[in-house]
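Please open the model in a viewer and keep the sequence at hand.

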Amino acid sequence: MLSVVLFAARARVPVSGLPVAMARSLASLVTGAVEGVIRDVALAVLTGTPDARLIADHAGCALAEAGEPGEALAKALAAARSDLIMVLSAGYAPEEGFIGEVSDLVDIPRRAALMRVHPYNWVTRVAPALCPEIGRAHV
């Protein structure tokens with residue numbers, strides 16, 4: 001099983017849009033939780049992020065608040081209950097089929113994965129490594 005850290009402490013959205021970004025990302029993880037692939041989720045936010053407590057409470061996930069992004073991430077990683085941890089940037093929602101790919105990753109011990117935004121232009125189709133990183137999964 002997989003633990004997910006939703007990293008909203010350094011999201012690429014304005015602070016006013018963080019609640020919607022967090023909710024969108026959390027909603028995309030529901031299928032994985034229902035299918036037993038995702039064990040738990042921790043939300044890493046900066047202290048004072050609007051509606052973070054409410055969103056974490058409604059989603060049933062742990063909340064890791066801190067004054068610095070690295071500190072929030074460290075708290076969220078410490079709260080993870082699985083050896084396999086995926087860190088996902090808030091605002092991104094994995095596409096359909098993602099859970100099947102993650103379940104394959106869970107079945108292969110000691111494996112790492114890097115997730116990027118879907119190629120969005122000619123250059124990123126030719127060189128997918130230029131797409132922005134949105135998450136990592138590793139043991």
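Helix axes in this tour are lines fitted to C-alpha atoms over the stretch in contact, and angles run from 0 to 180 degrees between N-to-C directions. Helices (H or I, at least four residues) and strands (E, at least two) are DSSP runs, numbered from the N terminus. The model is predicted: local features need pLDDT of at least 70, side-chain atom pairs count only at pLDDT 80 or more, and totals for chains, interfaces and linings use all residues. Residues are numbered from 1 along each chain as its sequence is written, and side-chain values use heavy atoms, with hydrogens and water left out.

**First selection: helix 1 and helix 3**

Select helix 1 (18-28) and helix 3 (residues 52-59). Their axes come within 10 Å and cross at roughly 15°. This makes helix 1 roughly parallel to helix 3 (angles under 35 degrees count as such). Pro19, Met22 and Leu26 of helix 1 meet Ala52, Ile55 and Ala59 of helix 3.

Keep helix 3 and colour Ala52, Ile55 and Ala56, its buried residues (under 20% relative accessible area, with a 1.4 Å probe and protein chains only). Viewed down the helix axis, these residues fall within an arc of 95°, taken from the directions from the axis to the C-beta atoms, so they line one face of helix 3. They pack against helix 1, strand 2 and strand 3. Turn to the face directed away from this buried side: Arg53, Asp57 and His58 are exposed there (over 50%). Just after helix 3, select Gly60, which takes a positive phi of about 75°.

What does Glu65 form with Arg53? The two residues form a salt bridge (a side-chain nitrogen of Lys or Arg within 4 Å of a carboxyl oxygen of Asp or Glu), and their closest N and O atoms are 3.0 Å apart. The pair links distant parts of the chain, with Glu65 in strand 3 and Arg53 in helix 3, twelve residues apart. A search of the whole structure finds one salt bridge. Arg53 counts as exposed, at 59% relative accessibility.

Finally, select helix 4 (residues 69-79), where Pro69, Ala72 and Ala76 are buried. Seen down the axis, the buried residues of helix 4 fall within an arc of 65°, so they line one face of the helix. Their cover includes strand 1 (2-7), strand 2 (38-46) and strand 3 (62-66).

Methods:
Contact means heavy atoms within 4.5 Å. Angles under 35 degrees count as roughly parallel, over 145 as roughly antiparallel, 65 to 115 as roughly perpendicular and the rest as oblique.
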